[in-house]
Amino acid sequence: MLVSGSGSNLQALLDGEGEYRVVSVLSDRTGVRALERAAVAGVPAEVVAWKGDRAEFTARVCDVVEKAGAEAVVLAGFMRILGSEAMERFPHRILNIHPSLLPAFPGAHAVRQALDHGVAVTGVTVHFVDEQVDHGPIIAQVPVAVRPDDTEETLHARIQEAEHLLYPRVVTALASGAISVRGRGVEWAPS
Ligand code: GRF
């Protein structure tokens, strides 16, 4: 798993282990809560620092993933964009979770933008990562209703509750071979 921050999705995925296992955690920064969560769970963690060159950073991240023997790369709050080498080395094996119903509100301020826009419904998207930000084939989406008195914090908290239910479900399905992708189309095998 690739993380940069609090790691609440990492925690949800650790708690949902069974069909899959979190074999390694990678952060682009030190001192984050996600690394503490990895330590408590006994999962090896590594920091790969950003040095300003995307291709070089991507190559180092891919090497760590490969060394860990990971079959999939799960991003959760990872604040760096990976270069094309990652998609070439792990085709349709890199997932991301985003706090909106894509293609609405891509980028780092999705929750605030949904509120500012006055939408009645926003939500969560899990998608494969491609070379554009918050853009790859959509695997699953869950709606979250916006309440009249919502702040960015209250809305993000409800979105995160939905994330913590959805992400382990999607990774379980991926691990059991139930998800296939062709072009932008993602199919779930009937359960
Ligand atoms: C999540 O809301 C995710 O959608 C966004 O960043 C947040 C990460 O939270 N990409 P956490 O680090 O998993 O708690």
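Predicted model: local features only at pLDDT ≥ 70, side-chain atom pairs only at ≥ 80, totals over all residues.
Glu 187 counts as exposed, at 57% relative accessibility; exposed means over 50% relative accessible area, buried under 20%, and partly exposed in between, with a 1.4 Å probe and protein chains only. Glu 187 lies in strand S9, residues 185-188. Helices (H or I, at least four residues) and strands (E, at least two) are DSSP runs, numbered from the N terminus. Leaving aside residues up to four places away in sequence, Glu 187 touches Ala 178, Ile 179 and Ser 180, where a contact means heavy atoms within 4.5 Å. The C-alpha atom of Glu 187 is separated by 26 Å from that of Val 23, a residue 164 places away along the chain.

Residues are numbered from 1 along each chain as its sequence is written, and side-chain values use heavy atoms, with hydrogens and water left out.

The chain as a whole contains 6 helices and 9 strands. Its radius of gyration is 16 Å, close to the 16 Å that the globule rule gives for 191 residues, so the chain is as compact as a globular protein of that length. The radius is taken over C-alpha atoms, and the rule is 2.2 Å times the number of residues to the power 0.38. Along its principal axes, the C-alpha trace spans about 50 × 40 × 30 Å. Of the 191 residues, 44% count as buried. Among contacts between residues at least 6 apart in sequence, 58% join residues at least 24 apart.

Helix H1 (residues 8-15) is largely enclosed by the rest of the structure, because 6 of its 8 residues are buried. These buried residues are Ser 8, Asn 9, Leu 10, Ala 12, Leu 13 and Leu 14. Their cover includes strand S1 (2-3), S2, H2, S4, strand S5 (94-98) and helix H6 (152-175).

Charged side chains form the next topic. Side chains of opposite charge can pair when their charged atoms come close. A search of the whole structure finds 9 salt bridges, each a side-chain nitrogen of Lys or Arg within 4 Å of a carboxyl oxygen of Asp or Glu.

Asp 28 takes part in a salt bridge with Arg 29, at 2.9 Å from N to O. Asp 28 is buried, with a relative accessible area of 6%, whereas Arg 29 counts as partly exposed at 32%. Asp 28 also meets Arg 80 in a salt bridge, at 3.1 Å from N to O. This pair links distant parts of the chain, 52 residues apart: Arg 80 is in the loop between strand S4 (73-76) and helix H4 (84-89), and Asp 28 is in the loop between strand S2 (25-27) and helix H2 (33-41). Arg 80 is partly exposed, with a relative accessible area of 26%.

Because Arg 33 and Glu 36 are 3 residues apart in H2, about one helical turn separates them. Arg 33 is partly exposed at 42% relative accessibility, and Glu 36 is partly exposed at 47%. Elsewhere, salt bridges that share partners join Asp 63, Glu 66, Glu 85 and Arg 89 into one network.
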